[in-house]
Amino acid sequence: MMIDTRYGWLGLGLLPAGIVILSTSYLLLHSIPIIALGISVIIMGIICLVLGKSHPVISAELSKLLMDTVVENIDSLLEELDLKARALYLPSSLCGGRPKAILPLQCEPYCPNITKPLPQRLIVSFGENSEDMGVLISTIGSNILDMLDKKPGASIEEIATNITTLLVGTLDLAGGVKVSIGDNRAIVKISHPRLKTSSYSRAVQTLGSPAASIAASIVAEALGKAVIIESEISKNRETIITLEIISNPREEKKSLV
Amino acid sequence: MRFYDSYIILMASLLLGITIIFSMVNETRLDLCFTVYLIVYLTVNELCLYLNPKARKGLNNVNYLLFAGFAFIVASNIAEILWQVNPVEIAWRIICARLP
């Protein structure tokens, strides 16, 4: 069992303490309230041991350091390639494995029609036109889906639960999350966001903040459609992320027929 | 991890609060106390939906452990009603007899 975390050590302290309290009160004191206290301490000890086992061993500082390094590298890459267009988050069905983001080489905002899985390369052609070229990269959201039990479902409740589980429960990036979907837009309201990112960073301007990237990847994977982070507004300890869901024009035609 | 901290503080406060209330009203039924603990534990777990899946799996295993305790209490109560024997006392006597 993992005892490397403070929860593990807390559990390891509480469990024997509870057993001592329980046995002493049962054998010597014959006091029911203290026996009950012993039982509750044992329960708390077991809970702490379980949480200690599921808690990551590496420190938050190390994670932040790694993330800052990766963001700086992506920044340099984007500036060197002069990529300014917002990233298009694609579901795994269009990337052959994991959900990824494509950074179009042309700057004009447009909605490419991607119908077949893209090759696993850095620079890929994603459209019928010769200028439909882009850089296909993994984002934070690409790898985070492994932390979920199963692939996110398409209902609003499932999407909201998955985003909340990841941002609040697993990553501790926010205090709460609300999701609403309608009219080809998904709005994710994050209350009490805890990770501050520089809005001047090229990586944040194109890929969005880590929270927005995670939300976009989950929505894209859940709906099986491409998603663009339209805007990200922070005010009064709340961040409102607006995601544009790109419908496949061919699918729309099929549904109309 | 603030969410884990909040969960632990909430659970500890509730369990301690229940213990204090039971001692204030001179409640001496340990089975009732354990059942209330079990209910509180299950309720808090259901409210904390957003614990990460690994922690949730572990806490589900704790559910089974607590249910085993609850089943033991029910079984010992049934044995006491049917045959007027307390399995805990019998078990304790056996342990005492075997001790040097």
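**View 1. A:A215 and its contacts in the predicted model.** Skip the neighbours within four places in sequence, and A:A215 is in contact with A:I163, A:V188, A:I241 and A:L243. The model shown here, and in every view below, is a predicted one.

**View 2. The largest nonpolar core.** This core holds 50 residues, and A:A215 is among the members that touch the most others, along with A:L90, A:L167, A:V219, A:V227 and A:L243. As for where the residues come from, helix α7 of chain A (residues 210-223) gives the most, with 10 residues. Nonpolar side chains tend to be buried together in soluble globular proteins.

**View 3. Where chain A meets chain B.** Here 28 residues of chain A are in contact with 29 residues of chain B. On the chain A side, α2 (32-54) and α5 (156-170) each supply at least two of the touching residues. The largest share comes from α2(A), which puts in 16 residues. Sort that side of chain A by class and you get 17 nonpolar, eight polar and three charged residues.

**View 4. The α2(A) and α2(B) pair.** Zoom in on α2(A) and its partner, helix α2 of chain B (residues 30-47): the two pack at an angle of about 30°, and their axes are 10 Å apart. Angles under 35 degrees count as roughly parallel, so α2(A) and α2(B) are roughly parallel to each other. Their crossing is right-handed.

**View 5. Residues where the two α2 helices meet.** From α2(A) come A:I32, A:I35, A:A36, A:I39, A:S40 and A:I43. Across from them, α2(B) brings B:L30, B:C33, B:F34, B:Y37 and B:Y41. What classes do the residues of this contact of α2(A) with α2(B) divide into? The tally is 10 nonpolar, one polar and no charged.

View 6. A:T24 has its place in helix α1 of chain A, residues 6-29. Is A:T24 buried, exposed or partly exposed? A:T24 has 14 C-beta neighbours inside 10 Å, so A:T24 counts as partly exposed. Also in this view is A:I35, one of the α2(A) residues that meet α2(B). A:T24 and A:I35 are 11 residues apart along the chain, and their C-alpha atoms are separated by 8.4 Å.

Methods:
Residues are numbered from 1 along each chain as its sequence is written. Chains are lettered from A and ligands numbered from 1 in the order in which they are written. This is a predicted model: local features need pLDDT of at least 70, side-chain atom pairs count only at pLDDT 80 or more; totals for chains, interfaces and linings use all residues. Two residues are in contact if their C-beta atoms, placed from the backbone, lie within 7 Å. Helices (H or I, at least four residues) and strands (E, at least two) are DSSP runs, numbered from the N terminus. Ala, Val, Leu, Ile, Met, Phe, Trp, Tyr, Cys and Pro count as nonpolar, Asp, Glu, Lys and Arg as charged, and the others, Gly among them, as polar. A nonpolar core is a set of buried Ala, Val, Leu, Ile, Met, Phe, Trp, Tyr and Cys residues joined through C-beta atoms within 7 Å. A residue is buried if 20 or more other C-beta atoms lie within 10 Å of its own, exposed if 12 or fewer, and partly exposed in between; C-beta atoms are placed from the backbone. Axes are lines fitted to C-alpha atoms, for helices over the stretch in contact, and angles run from 0 to 180 degrees between N-to-C directions. Angles under 35 degrees count as roughly parallel, over 145 as roughly antiparallel, 65 to 115 as roughly perpendicular and the rest as oblique. A crossing is left-handed if the near helix is turned anticlockwise from the far one by less than a right angle, and right-handed if clockwise.
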